[in-house]
2 protein chains.
Amino acid sequence: MQIVVQKFGGTSVASPELIRNVARRVVSAKEQGKQVVVAVSAMGHTTDHLIDLARAVGDCCPEREMDMLLATGEQVTIALLAMALQNLGHRAISMTGAQAGILTDEAHTKARILKIDPVRIQKELEKGNIVVVAGFQGMNVDHETTTLGRGGSDTTAVALAAALKAEVCEIYTDVDGVYTADPRLIPDARKLDLISYDEMLELASLGALVLQARSVEVAKQYGVTINVRSSFNDNPGTLVKESSDMEECRLLSGVAHDINVAKIGLFDVPDRPGIATHLFKALADEKINVDMIIQSWMRSGRNDIVFTVTRDDLSKTIPIVERVMKEIGALGMEYNDHVAKISIVGAGMVTNPGVAANMFEALAKENININMISTSEIKISCVIEEDQAVRAVEAIHAKMIGKL
Amino acid sequence: MQIVVQKFGGTSVASPELIRNVARRVVSAKEQGKQVVVAVSAMGHTTDHLIDLARAVGDCCPEREMDMLLATGEQVTIALLAMALQNLGHRAISMTGAQAGILTDEAHTKARILKIDPVRIQKELEKGNIVVVAGFQGMNVDHETTTLGRGGSDTTAVALAAALKAEVCEIYTDVDGVYTADPRLIPDARKLDLISYDEMLELASLGALVLQARSVEVAKQYGVTINVRSSFNDNPGTLVKESSDMEECRLLSGVAHDINVAKIGLFDVPDRPGIATHLFKALADEKINVDMIIQSWMRSGRNDIVFTVTRDDLSKTIPIVERVMKEIGALGMEYNDHVAKISIVGAGMVTNPGVAANMFEALAKENININMISTSEIKISCVIEEDQAVRAVEAIHAKMIGKL
């Protein structure tokens, strides 16, 4: 029997009424003769509310205890959805991440899934149950509850689809697919029918909040087809799958913007081997994800290293950088968390000259100063001041995508 | 090193500020050189809020999923309290019921603790940690989350104290001890310094909400000394311990009232052996706790059986009684959930004649009709109409206890 994994995010399960709505969607897949596994997020703003509670209790938020706290959000949703499904006359059972066999590493609050042992899920599917799994969470080898970081429910869903060899992983959200830019910002943005893993990966990691980047990595690795759809209508969504399926090679898939960015500069760094390793290993040891890294030669014998992290990680990053600065003999550091990253993504970009120039020109016409530039084969990213982000996306979309 | 178990109920942890207040109390025990284990309830009205969510999702509330849902309430509190303790500079770790080794039977929503394996708690105590355990919950042999029923956190605390051979189990609540009647109802009610397990057991099971009856049973079985205290002041509380410690034998310990009562009558039951077994086994099979049972001979060859259950269980009870009624050939049944149970408790009662007569007289003077009477060596209970409950307690306290 074909297995389908469906994932419903926080806005799709924000109230008991919406949970009943989700239950009807799940049942309709079940009634088409499929085995259905559902991964859900916490209801609405539950996670933010829990974080507020933690902050109200004290300054520090020990990560093991944050995971203990946050994991309750999804646990509430799975129980309620299982009840709603039973109310519709279907067999259903809820499972925490641990019960679903989701084993993660030790990194509390940003754990990575090591493997999924789907035996219990399969047993319940064979009994005729719809299985409702808590997204965003797992357990480590010590049976401690871990969470996967913001948006981790997408990764849960895709990893479940891979482990269960599901036909498709349907990601239900509050938009009906992947757009060429954030449709709330750019009314002209168009929905894509199809996008490759690599393009989606760039868009996801660049701040298009439709899918968590890691979920796309996992999908690519295991060849899981993702269908991004709306939980509020029946419009066809956007398929994320291997690019060989695509007939045409689009020049640009979209413009993404990300304001969860902070930049840190380390100045007058001695020019000798091992310096970058020293810095970025120290950050990696604390599980801080560094995004853009730019090292530029400035004057004889000394370099500047500039990099970006998420704003959430900035307060952890600063003391590490200050320590490393002394250890390696750099002469200064600066940081700024009022910046944004604007990116264009497209598999066709590599074979089309002038794309970068076009982007820079769009920004220049709006008098937007570029702080940092970083490029890959399928994307170009610029860091700019945060308060210019919306104008930048509008200008780039209008010039480069809107008129395609 | 001496171990103390402290339990804080929902009103004591209802907000982040109150949780910080609890943390200071816990730390003060730790700073007196004790090893401290804390059991906590869900914050304030969290459990009621979760039940409302379940009802909003649909009619039926499958019990396994209710446990999955309700267990989140305490999990939030343990994480927040562990954070608050760490913020005060102390080592602390939270544990769910399962992590704390609390093994229960299979009865979802009203499970009983089978045993506690305290190895992990002891390991964390030896590392210098304050251990914060989720009350009200455990796991069964299939690693499913179970809950212990309303007030179950008291039982968690006492069972932990027994398993850890703690010096004392301190139950912190919103009143500063056990009173001769509900002080919110009877301003003249007096606080008891000391009460025996048996008296407390009668008071607890009779609706004095200070302690859950099962927790007192466990305390009696394992000889755990309970100290019932206020979490909002430093007044000495009420000690619950073996009655041999008591210098004087009080005639009456208190008056209790309970409105979570429904009565069911089965009329014209054939007078042959095995009838009562048939009825009460059918109820026990569904884990329905029957409280008072009265069988009275009415007329030749036929009996009436009247009994009480909690109001929560009434809707489950009715269809079972209707089925049994047909099976045994009884001629009618009736039920009423607008009743209350008023009880007087005292170890000295058995040697003092006239106590029952005094109680009935107090009720008669107020024109309160008695529906059912049940007595034991240390208590007398009467079922009356609910709307007369407060007057009944006032009258009995004034006549029998207030003037002692």
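How are α2(A) and α3(A) oriented to each other, roughly parallel or roughly antiparallel?

**Figure 1. Packing of α2(A) against α3(A) in the predicted model.** Helix α2 (residues 46-57) and helix α3 (residues 63-87) of chain A have axes that come within 9 Å and cross at roughly 150°. The two helices, α2(A) and α3(A), are therefore roughly antiparallel (angles over 145 degrees, taken from 0 to 180 degrees between N-to-C directions). Their crossing is right-handed (the near helix is turned clockwise from the far one by less than a right angle). From α2(A), Thr46(A), Thr47(A), Leu50(A) and Ala54(A) make the contact with Met66(A), Leu69(A), Leu70(A) and Gly73(A) of α3(A) (C-beta atoms, placed from the backbone, within 7 Å). By class, this contact of α2(A) with α3(A) comprises 5 nonpolar, 3 polar and no charged residues (Ala, Val, Leu, Ile, Met, Phe, Trp, Tyr, Cys and Pro count as nonpolar; Asp, Glu, Lys and Arg as charged; the others, Gly among them, as polar). Helices are DSSP runs of H or I with at least four residues, numbered from the N terminus.

**Figure 2. Packing of α8(B) against α9(B).** The axes of α8 (residues 275-285) and α9 (residues 311-328) of chain B come within 10 Å, with a crossing angle of roughly 150°. That makes α8(B) roughly antiparallel to α9(B), and the crossing of this pair is right-handed. Ile275(B), His278(B), Leu279(B), Ala282(B) and Leu283(B) of α8(B) meet Thr317(B), Ile320(B), Val324(B) and Ile328(B) of α9(B). The contact of α8(B) with α9(B) has 7 nonpolar, 2 polar and no charged residues.

**Figure 3. The contact between chain A and chain B.** Chain B and chain A contribute 28 residues each to the contact. On the side of chain B that touches chain A, α1 (16-31), α2 (46-57) and α3 (63-87) each supply at least two residues, and α3(B) gives the most, with 14 residues. This side of chain B has 19 nonpolar, 6 polar and 3 charged residues.

**Figure 4. Relation of the two copies.** Chain B superposes on chain A (RMSD 0.1 Å) by a rotation of 180° with 0.0 Å of shift along its axis. The two copies are thus related as by a two-fold rotation axis. Superposition is by least squares on C-alpha atoms of residues with pLDDT of at least 70 in both copies, pLDDT being the predictor's confidence in each residue, from 0 to 100. Within chain B, Thr72(B) comes closest to the rotation axis, at 2.5 Å (C-alpha). The copies meet through the same surface, because 100% of the interface residues of chain B are also interface residues in chain A.

**Conventions.** Residues are numbered from 1 along each chain as its sequence is written, and chains are lettered from A and ligands numbered from 1 in the order in which they are written. In this predicted model, local features need pLDDT of at least 70 and side-chain atom pairs count only at pLDDT 80 or more, while totals for chains, interfaces and linings use all residues.

Technical notes
Parallel < 35°, antiparallel > 145°, perpendicular 65-115°, else oblique. Contact = placed C-beta atoms within 7 Å.
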